[in-house]
Amino acid sequence: MKNLLPCFRFLILFSAVNSLSTGLLCFGTDIYVSPVGENDNPGTSEEPISSLAKAKELARSAAGKEPVTIHVADGTYYLPETLVFTPEDSGTESAPVFFKAENEGKAIISGGSLLNLKWKKYRDGIFKAKTAADLKIDQLFIDGERQRMARYPNYDASKKAEAYQGFAADAFSKERTANWADPEGGYIHAMHRLRWGGYHFLITGKNEEGEIAFEGGWQNNRPGRMHDTFRMVENIFEELDAEGEWYHDSENAVLYFKPTSDMNLKSAKVEVVRLRRLVEFQGSEENPVTDITLQGFIVRHAARTFMDTKEELLRSDWTIYRGGAYLLAGTENIRILDTHFDQVGGNAIFVSNYNRGTLVKGCHIENAGASGVCFVGDPDAVRNPLFDKGARQDLTKIDRTPGPKTNNYPQNGTVADCLIHGIGIVERQPAGVQISMAMDITVRDTSIYDCARAGINVSEGTWGGHLIERCDVFDTVLETHDHGSFNSWGRDRFWGGGDSLGTQQAVDEDPSLPFLDAWKTTVIRDSRWRCDHGWDVDLDDGSSNYDIYNNVMLAGGLKLREGFRRRAWNNIMVNSGLHPHVWYNNSNDEVYSNILMDFHRDIRVNFPGKRIDENLFFSKDPAAMETEGDLDWDENSILGNPMFEDPANGNFRVKAGSDAFKIGFANFPMDQFGVKKPSLKALARTPVIPELVEAVGRTAKEAPIVEKWMGATLHAISGEEYSAYGVRKDQGGVALVNVPKGSDAEKAGFEANDLIQGVNDSRVSKVLDLYESFEQAKKGDVEVNIVRDQKNQVIKVRKE
């Protein structure tokens with residue numbers, strides 16, 4: 001095992017910031033692993049060992065003293081248990097430890113088991129086979145491809161942007177469940193009623209009345225009932241009716257499967273999933289695991305974890321499972337390189353609490369049940385943490401010390417040159433890259449697409465300093481709603497949600513308040529974004545301290561909602577523009593030197609920010625520069641033609657003589673978006689480039705609002721106003737634009753910006769609905785259902 005002669009090596013040590021080449025004259029240890037080896041062997045190339053755990057054990061004697069390389073031969077390594085690295089396994093900067101596949105993509109780390117089954121025909125194209133009596137099956141793989149639990153309704157791959165690729169309101173109705181003999185162990189999957197992610201429930205049985213009993217629903221941090229229509233059930237034997245579906249009767253140890261017509265079950269490789277975490281690094285800030293690299297593997301067969309997605313993040317829409325196929329906790333300089341995470345059931349990589357210098361580079365993450373890469377710190381490192389979205393701080397009593405309270409969070413982590421797609425195959429609140437309670441995280445040269453929710457999500461301002469650059473993020477928010485390809489929240493110490501007056505007063509008295517948690521500026525630059533189901537870049541609820549420049553936004557434009565110091569310049573917003581929602585006074589927001597192709601879609605914006613000016617509107621219509629409110633924006637902006645070089649092929653650089661140069665616009669590269677690694681770039685898709693449409697003014701300018709009710713001025717919301725009120729697009733409602741002091745509406749308890757959605761049992765989506773439903777209500781107390789500060793309330797109005 002030990003080399004007998006000095007080993008002259010040139011090690012390439014990857015840094016989160018740049019690559020550092022260091023020539024080392026050293027002795028080194030080489031250990032060889034092969035599926036045909038024996039653990040009693042010495043671990044030489046001629047006599048390899050057979051397991052990664054044994055290789056880790058042998059490496060300990062040299063780890064940290066000299067470079068150690070574990071050479072892993074082609075083949076599948078079924079882990080009997082999680083491979084755990086502790087501080088005793090650590091390398092050093094000059095003597096790192098490498099676990100390296102001899103051929104990239106040929107050594108497979110599996111958390112599953114290989115089954116040897118004898119299939120027999122059952123009925124209707126279904127086959128069955130006996131399994132071990134104690135076998136539990138979370139996922140079934142046939143010839144390397146994940147199959148589907150028996151489900152209703154059936155999966156339809158063509159419904160890419162529909163909930164669960166097949167949904168039904170009667171998924172677990174009494175009429176349907178009457179045909180289920182024993183549904184215990186089945187699952188209900190349902191979208192949040194406002195499509196802010198989803199829920200999952202375990203079916204625990206069926207009562208004598210035929211009603212299903214279930215538990216769960218903790219997977220969303222903005223609780224509410226499940227959606228009435230977007231529902232699906234799985235793991236129900238009676239729903240086994242489509243090719244590619246399976247059901248395991250664990251009580252009788254029988255596996256049922258309906259193969260596709262091109263499958264040969266006699267020769268098929270059948271694998272099932274056992275482990276949730278395949279590789280885990282267990283250290284601490286005081287005693288971290290350091291300088292270990294895992295390179296070139298395929299990672300498969302990690303179990304689904306949706307029923308353990310319970311941990312609330314800070315006033316975000318998320319709960320999370322703190323784990324993944326790879327889990328890092330208490331590490332420094334851990335590198336995950338050139339690794340293919342293939343169809344893992346939950347998160348692919350989870351970087352938890354104290355971690356420094358984590359590098360994920362050249363990796364391919366596809367068809368993950370939850371998120372791709374998560375950087376999530378410790379809530380105890382946050383000053384004055386709150387978890388429920390509706391919770392509010394007493395701003396007179398908070399800790400006003402800037403920044404984190406401890407070091408127990410990820411910092412200086414990097415995701416670089418990766419391909420991430422098919423995110424949220426099981427869960428519906430995932431991201432390609434998720435960042436929460438972390439600092440100085442970089443995502444660069446990465447392609448992310450086909451996501452149920454955001455491509456990149458920053459859950460709160462704690463603690464900023466992130467860099468997003470040269471990324472290509474598109475086809476996101478496919479099954480959900482009110483979100484973006486890039487999404488952030490900033491529900492930090494200062495943020496009061498709908499209590500804008502209290503927040504405004506506190507920030508007026510102490511302008512540093514929004515930056516106590518959003519401590520460092522986050523930069524989004526040189527990237528391409530497209531979201532057809534929300535916004536390309538969505539800085540939501542309180543997001544503060546951002547610089548956004550040199551981006552191409554292909555569909556949804558830029559949304560800025562109630563935050564401070566957002567600077568956006570030199571961006572190109574194709575067929576879209578700026579979406580300002582609910583701004584604070586003295587926000588210091590700046591939007592300038594951009595090319596815009598739509599009018600500003602301002603909603604409930606009463607304050608102008610610092611500088612919204614010197615932009616180019618691709619239009620001949622002066623009304624394109626008008627706003628809904630009286631904001632005095634764009635006094636020095638211009639109308640004109642940017643003269644793009646080749647927009648049909650995605651080149652939005654502008655030609656010499658373009659009007660864009662008049663407002664300070666500068667060209668930036670159009671060929672640097674997304675993954676660069678040749679093998680991954682060859683696989684990566686790119687977004688559809690839309691045809692250009694010149695901006696026009698507000699073509700449906702409404703007449704002055706004159707509708708009144710109980711002295712209040714009314715307005716039926718439409719378009720994207722739904723987001724400002726936090727309601728579904730199809731729900732609508734009637735907003736109280738103005739509630740005069742002393743009016744009957746004020747006396748009844750209504751406030752300006754209340755949204756009426758119902759009277760008694762009648763739905764209200766337009767002004768006429770309100771008039772008619774109140775007129776038809778009987779005398780006495782009438783219940784008026786409103787949304788205030790994104791919360792449902794009921795106000796009782798006395799009708800005489």
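**View 1. Phe85 and Phe281 form a stacked pair.** The structure holds 28 aromatic pairs, where rings of Phe, Tyr and Trp (its six-membered ring) pair if their centres lie within 6.5 Å, and planes under 30 degrees apart count as stacked, over 60 as edge-to-face and the rest as tilted. In this pair, the ring centres of Phe85 and Phe281 are 4.9 Å apart and the planes stand at 15°. Phe85 sits in strand S6 (residues 83-85) and Phe281 in strand S23 (residues 279-282), so parts that are 196 residues apart in sequence are tied together. Strands (E, at least two residues) are DSSP runs, numbered from the N terminus. Both Phe85 and Phe281 are buried, that is, under 20% relative accessible area, with exposed being over 50% and partly exposed in between (1.4 Å probe, protein chains only).

This is a predicted model, in which local features need pLDDT of at least 70, side-chain atom pairs count only at pLDDT 80 or more, and totals for chains, interfaces and linings use all residues. Residues are numbered from 1 along each chain as its sequence is written, and side-chain values use heavy atoms, leaving out hydrogens and water.

**View 2. Phe486 meets Tyr546 edge-to-face.** Here the ring centres are 6.2 Å apart and the planes at 75°. With Phe486 in strand S45 (residues 484-488) and Tyr546 in strand S49 (residues 546-549), the pair ties together parts that are 60 residues apart in sequence. Both Phe486 and Tyr546 are buried.

**View 3. Four aromatic residues come together.** Tyr122, Phe237, Tyr247 and Tyr256 make up one aromatic cluster.

**View 4. Glu251 lies in a loop.** Look for Glu251 between strand S20 (245-249) and strand S21 (254-258). Its 69% relative accessibility is why Glu251 counts as exposed.

How values were computed. Helix = DSSP H or I, 4+ residues; strand = E, 2+ residues; numbered from the N terminus.
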